[in-house]
Amino acid sequence: MERDTHRLNLEREIGIIGAVSFIAGTMIGSGIFMSPQFVLSAIGSPGASLVIWTCCGLVAMLGGLCYAELGTVIPESGAEYIYMLRTAGRVVAFMFVFSFVIVMRPASATAIALGLAEYVVAPFYHGCIPPQLVVKCVAAGVILVLAIVNCMSVRLATGIQVVSMVIKLLALAVIILGGVAMLFQGHTENFENSFKGTNADVSSIGIAFYQGLWSYDGWNTLNFLTEELKHPEVRVYCH
């Protein structure tokens, strides 16, 4: 019997817009709307907070450039798993993917879903804290809906990702333009002695960096679907 040399290949349906929206839509999540208050409370001053955000952005940019290079050298889906499989072997790759699937990814998805659920139910509980049961049910529903959408169609999931990216960019634009308008109106009191009260201990800096990096999380997600990209050598490097 001749050995079958054919292998299963994923259909390449994601173009440049879908790839960009996948990265931007993943990075611009609930973290960017929730983490700034925690970064500021941990580090203690607006000036130091801006420094933390700048450093976190540089780390995310360097990580994205490294993954772009890896994605072009090893053009296979799977990101960290496939890179470990090709370099460190099956045992290390299996240990990573086992912990990733059982602990890391579910915990991350749960945190994001809970953050979204908090915003969704807040208008219905004006002036009081929403019941945790309601928040958790909404979060579970969101996770189930997104799982079903991703199972149904790559194009549908990509379309939703593009729409959500546009909505989140508009929300950020409103916040940024509002801040710029306040600056032009003379509200610069937060920049006077902007480093006063900075917490310079290791614990505070670590917590601030953790919250900042959490907001930038997602720069590596495009490499999970390299084999579904049209011309991945272009799409991965463009992101």
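These legends describe close-up views of one predicted model.

The model is predicted: local features need pLDDT of at least 70 and side-chain atom pairs count only at pLDDT 80 or more, while totals for chains, interfaces and linings use all residues. Residues are numbered from 1 along each chain as its sequence is written, and side-chain values use heavy atoms, with hydrogens and water left out.

**Figure 1. The chain has nine helices and zero strands.** Along the sequence the pattern reads α-α-α-α-α-α-α-α-α. Helices (H or I, at least four residues) and strands (E, at least two) are DSSP runs, numbered from the N terminus. Of the 239 residues, 31% count as buried. Buried means under 20% relative accessible area, exposed means over 50%, and partly exposed is in between, with a 1.4 Å probe and protein chains only.

**Figure 2. The second largest pocket has a volume of about 840 Å³.** Its lining has 19 residues, and P36, L50, I175, G179 and F191 are the closest to the pocket centre. A pocket is found on a 1 Å grid over the protein atoms alone, as an open set of points where a 1.4 Å probe fits, with protein on both sides within 12 Å along at least five of seven lines; lining residues have an atom within 4 Å of a point. Grid points are joined across faces, edges and corners, and the volume is the space filled by probe spheres set on them. Helices α2 (30-43), α3 (46-73) and α7 (154-184) each supply at least two lining residues. The most come from α7, with seven residues. By type, the lining has 14 nonpolar residues, four polar and one charged. Here Ala, Val, Leu, Ile, Met, Phe, Trp, Tyr, Cys and Pro count as nonpolar, Asp, Glu, Lys and Arg as charged, and the others, Gly among them, as polar.

**Figure 3. A nonpolar patch on the surface includes V101.** The patch is formed by V91, F94, M95, F98, V101, I102, V103 and M104, which together have about 840 Å² of accessible area. Patch residues have over 30% relative accessible area and no salt bridge, and nonpolar side chains (Val, Leu, Ile, Met, Phe, Trp, Tyr) are joined within 5 Å. A salt bridge is a side-chain nitrogen of Lys or Arg within 4 Å of a carboxyl oxygen of Asp or Glu. Areas come from the Shrake-Rupley method with a 1.4 Å probe, and for residues only the protein chains shown count as cover. V101 belongs to helix α5 (residues 90-121) and counts as exposed because its relative accessibility is 51%.

**Figure 4. A111 is in helix α5.** A111 has a relative accessible area of 36%, so it is partly exposed.

**Figure 5. G71 lies in helix α3.** G71 counts as buried because its relative accessibility is 1%. G71 and L225 are 154 residues apart in sequence, and 9.9 Å apart C-alpha to C-alpha.

Note on methods:
Patch = residues over 30% accessible without salt bridge, like charges linked within 9 Å, V, L, I, M, F, W, Y side chains within 5 Å.
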